[in-house]
Amino acid sequence: MFASSRSSFRSAKRVIISAAALTTAFGIGAGTAVALPVSPDLQSLSQSVRDLKLPEISTLNPGDLAPELSEVLDSSSVKLPDSVVALINENFKFAENNKQVADKVKTQLLNAIDSLPLPAAQKSEATRVVNEIFGLLEGQDKPSQPEPAPAPAPQPEQKPRPEPRPESNNPCPPSARACVDLANQKTWLQENGNITYGPVPMSSGMPGYETTRGHLSVTRKVRDEWSVPYNGPMPFSVYFTNDGEAFHEGSVNQMSHGCIHLNHDDAVMYFNTLQVGDGIYIW
């Protein structure tokens with residue numbers, strides 16, 4: 001598929017597949033070597049691509065940035081070095097013009113960022129930016145959705161079922177806004193001791209990665225989070241420790257590395273309800 005496209009070979013020089021060194025012009029440090037993996041599916045690209053050296057830049061012209069990247073960067077609270085922005089921009093532009101290899105370009109770009117000697121906050125932000133703009137690129141290829149079918153006739157109104165409540169001897173204190181029962185793998189939201197949502201199913205940390213217990217509180221919230229250590233999405237993250245444990249959307253049938261996995265609707269409710277400083281009690 002790739003061998004038939006000469007233009008892809010010429011344009012591929014913009015894709016960061018392998019780099020000999022990053023120079024001080026990229027603001028990362030002279031002589032910093034970064035060896036990036038070459039995907040088997042891209043082996044047919046020319047040798048000159050695999051031996052590509054990153055060009056030096058003195059300043060980054062905002063007018064050269066892809067509109068999608070500019071929009072994502074405008075909403076960012078972490079400043080990325082011009083070199084990293086240029087790296088993301090060139091790869092995204094190439095993928096935009098060669099969508100048949102966009103997934104491979106994204107994977108290799110993420111591997112490149114993970115290899116860079118950046119502070120943790122900048123590395124995490126660069127990873128988020130890549131996932132968000134490539135997600136926009138993927139959305140461009142999705143077929144248009146068919147017109148929705150007419151809504152069915154409304155069913156007779158039914159009396160709401162009584163909202164489930166934990167047993168009267170539950171140890172969750174009234175001061176807690178969210179409660180987590182690890183033994184029964186249940187969690188709920190409450191206000192002044194009165195349950196407002198749940199209990200709902202969940203999953204917690206596997207052996208060796210047990211979820212932290214005790215009186216905790218919400219430290220921060222990130223809607224479209226990405227786990228750098230475990231290279232996976234963490235949608236609707238509500239952090240309750242400073243070392244990465246959070247409520248977020250995930251499989252309730254799979255144990256975590258310390259986080260509390262919730263079904264999609266439950267994760268959205270927790271994200272919209274809980275605020276920084278709200279009490280969390282886990283036992």
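**Cysteines, an annotated pair and a helix face**

Trainee: Is Cys-259 buried or exposed?
Mentor: Happy to start there, bearing in mind that this is a predicted model. The relative accessibility of Cys-259 is 9%. Buried means under 20%, so Cys-259 counts as buried.

Trainee: Which residues does UniProt list for "active site"?
Mentor: The listing comes from an unreviewed UniProt entry. The lining of the largest pocket takes in both His-248 and Cys-259.

Trainee: Where are His-248 and Cys-259 found?
Mentor: Cys-259 touches His-248, among other residues such as Ser-203 and Thr-211. His-248 has a relative accessible area of 6%, so it is buried. As for location, His-248 is in strand β7 (residues 246-249), while Cys-259 is in the loop between β7 and β8 (260-262).

Trainee: What angle about the S-S bond does the link of Cys-172 and Cys-179 have?
Mentor: Good one, as the structure holds one disulfide. It joins Cys-172 to Cys-179, with an S to S distance of 1.9 Å. Cys-172 is buried at 9% relative accessibility, and Cys-179 is buried at 0%. The link is left-handed, and its angle is -80°.

Trainee: Which residues of helix α3 are exposed on the face turned away from its buried side?
Mentor: Let's find the buried side: in α3 (residues 67-74), Glu-68, Leu-69 and Val-72 are buried. They cover an arc of only 95° around the axis, so they lie on the same side of α3. The face turned away from that side carries the exposed residues Pro-67, Glu-71 and Asp-74.

Technical notes
Residues are numbered from 1 along each chain as its sequence is written. This is a predicted model: local features need pLDDT of at least 70, side-chain atom pairs count only at pLDDT 80 or more; totals for chains, interfaces and linings use all residues. Side-chain values use heavy atoms; hydrogens and water are left out. A disulfide is a pair of cysteine sulfur atoms within 2.5 Å. Buried means under 20% relative accessible area, exposed over 50%, partly exposed in between (1.4 Å probe, protein chains only). Helices (H or I, at least four residues) and strands (E, at least two) are DSSP runs, numbered from the N terminus. The arc is that of the directions from the helix axis to the C-beta atoms. UniProt positions are given in the numbering used here, feature names are shortened, and annotations may be inferred rather than shown by experiment. On a 1 Å grid over the protein atoms alone, a cavity is a set of points where a 1.4 Å probe fits but cannot get out, and a pocket is an open set with protein on both sides within 12 Å along at least five of seven lines; lining residues have an atom within 4 Å of a point. Contact means heavy atoms within 4.5 Å. Lists of a residue's contacts leave out its neighbours within four places in sequence.
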